[in-house]
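Please consider the following model and the way its ligand sites may be read.

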Amino acid sequence: MATAVGLATDIARSAGVGGALSRAEGGEISSREVVSVSAWAQTKSTSRWCSFSRCVASPAAAAAAANGHLVKRSKPSSASLSSYRGLRRAGVTHSLSEPFSPHTLFRSHETAENRDGGNCPTGVQVRATLADVHVKSKVDATMPRGESWAVHKFGGTCVANAERIGNAAKIIVDDPSAQKAVVVSAMSKVTDTFYEILRLAESRDESYLRVMESLYQKHKETAFALLGPSDALEKFMKKLDGDISNLQAMMRAIFIAGHATDTFSDIVVGHGELWAAQLLAASICKEGVSAVWMDAREVLVVSPTSTQQVDPDYELSGERLDEWYQQQQAIPDILVITGFIASTPEGVPTTLKRDGSDFSAAIMGALLLAKSITIWTDVDGVYSADPRKVSEAVVLSTLSYQEAWEMSYFGANVLHPRTTLPAMKYNIPIIIKNVFRPSFPGTWIGPSTSSDQDPAISEESGSVKGFATIDHVAIINVEGTGMAGVPGTAGEIFMTVKEVGANVIMISQASSEHSICFAVPETEAKMVAKALEIKFKKALGAGRISKVEVLRNCSILAAVGQKMASTPGVSATFFTALAKANINIRGIAQGCSEYNITVVVDQEERIRALKAVHARFYLSKTPVSVGVVGPGLIGGTLLEHGIDLTRWKEILQEKGEPADMAKFTEHLRAGYLSPNRVMVDCTASAFVAEHYDDWLQKGIHIVTPNKKANSGPLQQYLKLRNLQRKSYTHYFYEATVGAGLPIISTLRGLLETGDKILKIEGIFSGTLSYIFNNFNREKTFSGIVAEAKASGFTEPDPRDDLSGMDVGRKVVILARESGLQLELEDIPVQSLVPEPLQSVETADEFMQGLPAYDLQIGEQLEEAEARGEVLRYIGVVDCVKNEGSVELKSYPKSHAFAQLSGSDNIIAFTTTRYRDQPLIVRGPGAGKEVTAGGVFCDVLRLAAYLGAPS
Ligand code: ADP
Ligand code: ASP
Ligand code: MG
């Protein structure tokens, strides 16, 4: 007997079930009660031992086992036979000197078997392991605890159907840990459905019966698919049928009462976990590994707190765990535990609140002093932001407990916020893994180390790990000059909030103590405001508190990272990113913990805000949503060259809708595409330009070659520029003058560097440039115009070019850019359209009438040539005289303007810095390609302003 206990002690030790020893040593082993044994075997080619478990022995064999009897393979007894089968199935080679785990070794044994050509055990030495011995006296027996335990938790999606439950079972069986506890959630959507059933029954809606039937069917079908015809199926169905009939009775009572108490609700909704745990345990058994399921309400004790939360009672839960253990017939390989549900100290069923299974797993991990807690879910780990909202989010390989807590508290529902606390208590790491990609390492959450640098995080992102949002939040603002210096106001405010049971998510107080503002869930705002108004009735009446204000439709956005808030520049970058996306910040809080910076934004801006900050910290690219108005010549070219939208024409044909500016603006503004929005107006329409104001106010940037806004009424222009300056929105219009030529940017560069513009003079019209570059004595003016028209250098009606109005607009744009306050009407424009032809109907009539005026302009040409000069149609901005003009002038042949060819533009800036020799910009200044190029250049410039690396 002593030998048996000694051997068993060795085995138990190496098996990591040291906790079982006291029981065996303290108890009296009775051979009749030995129901299972473990065996050790030596193989032919190695001096190693094989170990396996789970073989049921006859009382006689068990007695032999207890006495250290050696069972030869050639003469199998009933015990050795089953042992040997077990060994074939689960046995593993292992050196006795190391602690082993039967299931790791299971696989290594198979390998050894293959290698050694069927290296079967030569003998099986059966010994009782203490864990498998049923003892008479259970007084001192305690559940084994320690690092041999691995805790796993499977979320709803991981057990959503039979196939996934089977997959979860395999993952567990494959875990080489010596002992495994598996916490399981209800099958996906089941808890929601239970709450729906409760709601229906409470509102006396009979359809709850139909919904309950669907839940029954779901579990029945899953059980059939998973377990096939088997004892296990029968057992499960019996339980399910029994539960359903109980539930029906309960729901009927709720239906009649029109109300469910919290306990009733908790009993009902907990069934999802009860059924899932039984299904998973049965599924594991099907894999040939023993598993029992535990109703966590028998073990887990929690006390409700005043804030709708529960606090675990570790001591009581530990005692209950031991009691549960003592009632077991044998220690199973795997323990499957219901998540989410628990009991109060009085034994009343309760829950750990929504998404509480993560918390259950962490508490179990702490109770068992496990080596790890693995949370299996449907994503690769904790992402830098909710992957459903930010598609570019990256998986974080490590997080500290505090960071994980902050992320989950501020809305990353991949982890229940309270999960980290029990794990932290014993430094147990939590690993988040994807059930659909078990090979991916996932996210490791544990104690922080100073050298933590997540490879997923670029250096520029500094210490920011991730971002999260909480929606449906209201801000309560208590304001008043009488609050400053009055001790206890804050205390009274939060006492009042506590009394009504509201949950304060965030607090912010300006140091002047003039106002205290805090965030609560929107549903609780009214109640809180009312309570505060009652509490501070006197102060409000006396004017010490001026108002209790509720700001609805808010969201909280938090940036989380170790020491982030103390790293210089991080908050600046965070706020700048929001400002650049034109997002208004309604409140700020920075925890002294330095783990987070929290801001309150309008709920409708939350996704844009999240994307904006995420892009700023994590991406090398700056995403911009682009709306193009007028996909004609320039817009079309832009879409073809600048932006890869291979099928835009077909899509526009197939799905295009009639233009509706308001709808289009809203679509772009919705911001689901990117935090930054730009409208590219490729029209020449004054109607479209009228929308700029609205766009800028809505935080939409503008890029345009359309001259209408900048050359329209001065007041409107000034308002637009002012608006743009005040906000973080950008307005770029390089292509309004000189198409792709850098004219506006050159002018700005000069001004910004302190130069003073004296004069801007240039040939701003490609058409008129062409006409006068080719006009000589051999050709008539009308002939040249016809030639230009035929080559597509003119507008369909050449009068639009010859009238000089287009050049006039460019002069106004440049004049205003230089600081002159001129209207288009202030610019004398010399029209080249002869007076009588200005009113003729069609372009053709105009072309027919034009030759009659060739003589007049021909004379001007001759006079100029006689002086050795050429004619050029130019625009002038005279900053000294504060005026502008458009006229036909002659220039010496040596002048830069005379050297022009084709349809080039040329612009000369005479400034205090470039006084003797003007600064000249020259090149093609018209045509769809160069204009679209200029527009695209502005879009890229915008991206750079928004934070794209240059
Ligand atoms: P389970 O049922 O497994 O507990 P949950 O739905 O509770 O799963 O949590 C996982 C989900 O959390 C993911 O599918 C993901 O959409 C969401 N989520 C939100 N924020 C994050 C984040 N920062 N990282 C990862 N997942 C997140
Ligand atoms: N099934 C519960 C819920 O949906 C608990 C959990 O899944 O974590 O809230
Ligand atoms: Mg969850």
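The dialogue below concerns the surroundings of the two ligands.

Q: What kind of model is this?
A: This is a predicted model, in which local features need pLDDT of at least 70, side-chain atom pairs count only at pLDDT 80 or more, and totals for chains, interfaces and linings use all residues. Residues are numbered from 1 along each chain as written, chains are lettered from A and ligands numbered from 1 in the order written, and side-chain values use heavy atoms, without hydrogens or water.

Q: Which polar side-chain atom lies 2.7 Å from a nitrogen atom of ligand 2?
A: A polar contact with a ligand is a pair of N or O atoms within 3.5 Å. The atom in question belongs to Thr-191. Oxygen atoms of ligand 2 lie 3.2 Å from a side-chain N or O atom of Ser-185 and 3.0 Å from a polar backbone atom of Ser-357.

Q: How much of ligand 2 does the protein bury?
A: Accessible areas come from the Shrake-Rupley method with a 1.4 Å probe. Ligand 2 alone exposes 260 Å², of which the protein buries 89%.

Q: How many residues surround ligand 1?
A: There are 18, and the closest are Thr-377, Asp-378, Tyr-383, Arg-388 and Asn-413. A backbone N or O atom of Asn-413 is 3.2 Å from an oxygen atom of ligand 1.

Key:
Near = heavy atom within 4 Å. Polar contact = N/O pair within 3.5 Å; in protein donor to acceptor, adjacent residues only side chain to side chain.
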